[in-house]
Amino acid sequence: MHPDLTGANTLRPKAQTDSRLSGIGAPTPWYRVGAIPDAREGIRVVESGMDTSASDPSGESARVVRVFDHLADGYDRQITWSERLLLGDARRWAVAAARGEVVEIGTGTGLNLPAYGPDVTRVTGIDISAAMLDRARARLNSAEIDQDRFLLRHGDAQALALPDEVADTVVSTYALCSIPDPAAAVAEAWRVLRPGGAFVLAEHGLPDNRFGAALLRAAEPLAVRLSADHLSRDPLPLLRQAGFELEQVARSGRGNMVVRALARKPLSSAIPN
Ligand SMILES: C[S@@+](CC[C@H](N)C(=O)[O-])C[C@H]1O[C@@H](n2cnc3c(N)ncnc32)[C@H](O)[C@@H]1O
């Protein structure tokens, strides 16, 4: 494992608010991440020193943080119902496809984390919302897992504080729909992946029936405002434009509204010596 991936040198004392968060609106003190009662101290959250003010002058990332900080309490309930009624079990597929050193972007409340199997050596879960990471941390600390395999980072998928080519797999489940600049996040996934590595994603989009698609298009402005959810966003063109080879693409869920994709960074993209 690349030593920088642990972020060990960037761990800050608890109860410290990072001034570099000033670019994303009212900063959430990151000590909140560890403030919930834990049975064990185990899992750490590393502050990645986000500053989205330069890349995101519109302030949309700040708004996304506020939305998910607000939704965090009810998120698991809400996504569980959405998966039962609409989305199905695509996250299970995504987790099963991961191998080696894994970076999960928009990890949220960490629903996927305890499910990574023995083919995964380590998982770094990254999210821009400290409140969502609160839940991920609590989940990991109460799970029967080898805690050394997990690291949580408070950071921005549009500008990952990770070195180039450190990951074997980047995973995103229902995260690209909420990231303000998804092309930037895909470009970052490409950068941190080793040549031959895979970007595995499960994402919802429009159903294949006209009525359902029209309904979701009509609801999209409200969904973006209330839950930072771009209902009609299609990740596949973004993956192709970034240079990924689409090795597996499948649709599932109600009206085939979920796309599962395994996108490979070609071996030929290795930087020549
Ligand atoms: C709909 S939730 C999905 C959470 C989780 N992946 C799941 O499958 O349940 C989207 C997550 O993406 C996170 N997110 C949005 N923009 C982000 C960004 N720029 N960088 C990192 N995480 C981001 C949100 O905070 C939220 O936790």
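Which residue stands opposite Ile 105 in strand 3? In this predicted model, the residue in that place is Ile 126.

Strand 2 (residues 100-105) runs parallel to strand 3, and six bridges link the two. Strand 3 (120-127) is also joined to strand 4 (150-154) by five bridges, again in the parallel sense; here Gly 125 stands opposite Leu 152 of strand 4. Between strands 3 and 4 the chain passes through helix 3, giving a right-handed β-α-β crossover. Helix 3 (residues 130-141) lies across strands 1, 3 and 4, and runs at about 170° to strand 4. Strand 3 is mostly covered, with six of its eight residues buried.

These strands belong to an open sheet of eight, ordered 1-4-3-2-5-6-8-7, in which the pairing is mixed. Its edges are strand 1 (45-47) and strand 7 (245-252), each of which pairs on one side only. From one strand to the next, the twist averages 20°. Ala 250 has Arg 260, in strand 8, as its bridge partner.

Beyond its neighbours within four places in sequence, Phe 199 is in contact with Val 170, Ala 189, Leu 193, Leu 239, Phe 244 and Ala 263.

Terms used:
Residues numbered from 1 in each chain as written. Predicted model: local features only at pLDDT ≥ 70, side-chain atom pairs only at ≥ 80, totals over all residues. Contact = placed C-beta atoms within 7 Å. Pairing = 2+ DSSP bridges. Helix = DSSP H or I, 4+ residues; strand = E, 2+ residues; numbered from the N terminus. Axes fitted to C-alpha atoms, helices over the stretch in contact; angles between N-to-C directions. Buried ≥ 20, exposed ≤ 12 C-beta atoms within 10 Å, placed from the backbone. Right-handed = clockwise from strand over helix to strand, strands pointing away.
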